[in-house]
Amino acid sequence: MSERKSAGDAADTTSSEQKLISVVIPVFNEELCVVETLQRLNALRDGMAKRADLEFVLVNDGSSDTTGQIIAAEAALNTHVKLVELSRNFGHQIAVTAGLDAARGDYIAIIDGDLQDPPELIEQMYEIALEGYDVVYGQRRERVGDTWFKKASASAFYRLLNSLSDTPIPNDTGDFRLISRRVAIVLSDMRERNRFLRGMVPWVGFTSYAFKYDRDQRRAGTTKYPLRKMLGLATNAITSFSSKPLLLVIRLGLFMLGIGAFSGVGLLCLKLFTTSVVPGITSILISILVFNGLQIVIIGVVGTYVAKMFDEIKGRPLYVVKRTINI
């Protein structure tokens, strides 16, 4: 849903009571830009002081640099800065979940700590949310600094995911969004380990608004999502939100079975009704390679789903907290 509601429609959702906005920021080895991130967040808090109160929940996802120390020092001076430090690196999506679990706000904003998504936009997203939207998600118009390969692969990924998924997932979105408390409660109840939050939020439902913005360049440091992790996230997203790959391999298997049966009938007819000699070794080797390769692919797809099931039924906690400050 992308049309703004009128003031009359939103009258029952706005109130003179000051709301609390929790800003969840997962960080991993961001010592080069976390200071600027905190400065801009504090400036945002001062600017919104008359309309809302802000707290910042920073989740240190097992950083090996001084990121945790920098946040701890800031939290010692300001109680609105809160630290959740995980015992090791559990991954971005789990770190966001830890922040959502700790957040107390009437609204919760999710933003990365690299400043590619401008924190100042949270104020505009909050104003839109007050019109009656439970989800205001950032939709990128421009990805400044991204290579053509990353832009093309991201576009292809979202279109592939939507063609497979039963839950429509908006194109060109990340985790940058603002959600209401009731959406956050539902997300916290969803304890699946293989998490893809930008798909889980649309699955929850409620009214949503696409907030279009231009994404900035990373301020410092290196991306925490190299190609290997992007492929892992894509695989996790597809297998978490669709069983269609299983149906596709069944259809592919039936198709290959049909080709094999048709070829077998043809060769039998040549043997029975003609004197043509069919060279055997080449066709046999090709058939073996094709069908063995197909079997490996099918087993791999099925194995991926089985591995996810095994991961879920172990029942381990999503994350382990090493320490907290101001929580």
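Which side chain makes a polar contact with the side chain of histidine 92? The side chain of aspartate 112 does, at 2.8 Å (a polar contact is a pair of N or O atoms within 3.5 Å; within protein, one must be able to donate a hydrogen and the other to accept it, and residues adjacent in sequence count only if both atoms are side-chain atoms). Keep in mind that this is a predicted model, where local features need pLDDT of at least 70 and side-chain atom pairs pLDDT 80 or more, while totals for chains, interfaces and linings use all residues. Numbering starts from 1 along each chain as its sequence is written, and side-chain values use heavy atoms, leaving out hydrogens and water.

**Histidine 92**
- Histidine 92 sits in helix α3 (residues 92-102); helices (H or I, at least four residues) and strands (E, at least two) are DSSP runs, numbered from the N terminus.
- With a relative accessible area of 18%, histidine 92 is buried (buried means under 20%, exposed over 50%, partly exposed in between, with a 1.4 Å probe and protein chains only).

- Strand β1 (residues 19-27) is largely enclosed by the rest of the structure, because nine of its nine residues are buried.
- In a regular strand, side chains alternate between the two faces of the sheet.
- Both faces of β1 are covered: Lys19, Ile21, Val23, Ile25 and Val27 are buried on one side, and Leu20, Ser22, Val24 and Pro26 on the other.
- β1 pairs in parallel with strand β2 (residues 52-60) over nine bridges (pairing takes at least two DSSP bridges between two strands), and valine 27 has asparagine 60 in β2 as its bridge partner.
- β1 also runs parallel to strand β4 (residues 107-110), joined by four bridges; there, valine 23 is partnered by alanine 109.

**Salt bridges**
- The whole structure has 12 salt bridges, each a side-chain nitrogen of Lys or Arg within 4 Å of a carboxyl oxygen of Asp or Glu.
- Arginine 323 forms one with glutamate 85, the closest N and O atoms being 2.9 Å apart.
- That pair links distant parts of the chain, 238 residues apart: arginine 323 is in strand β8 (residues 321-325) and glutamate 85 in strand β3 (residues 81-86).
- Arginine 323 counts as partly exposed at 34% relative accessibility, whereas glutamate 85 is buried at 8%.
- Aspartate 175 and arginine 198 meet in another salt bridge, 3.2 Å from N to O.
- Aspartate 175 is buried at 6% relative accessible area, and arginine 198 is buried at 11%.
- Glu36, Arg40 and Glu120 are linked in a salt-bridge network.
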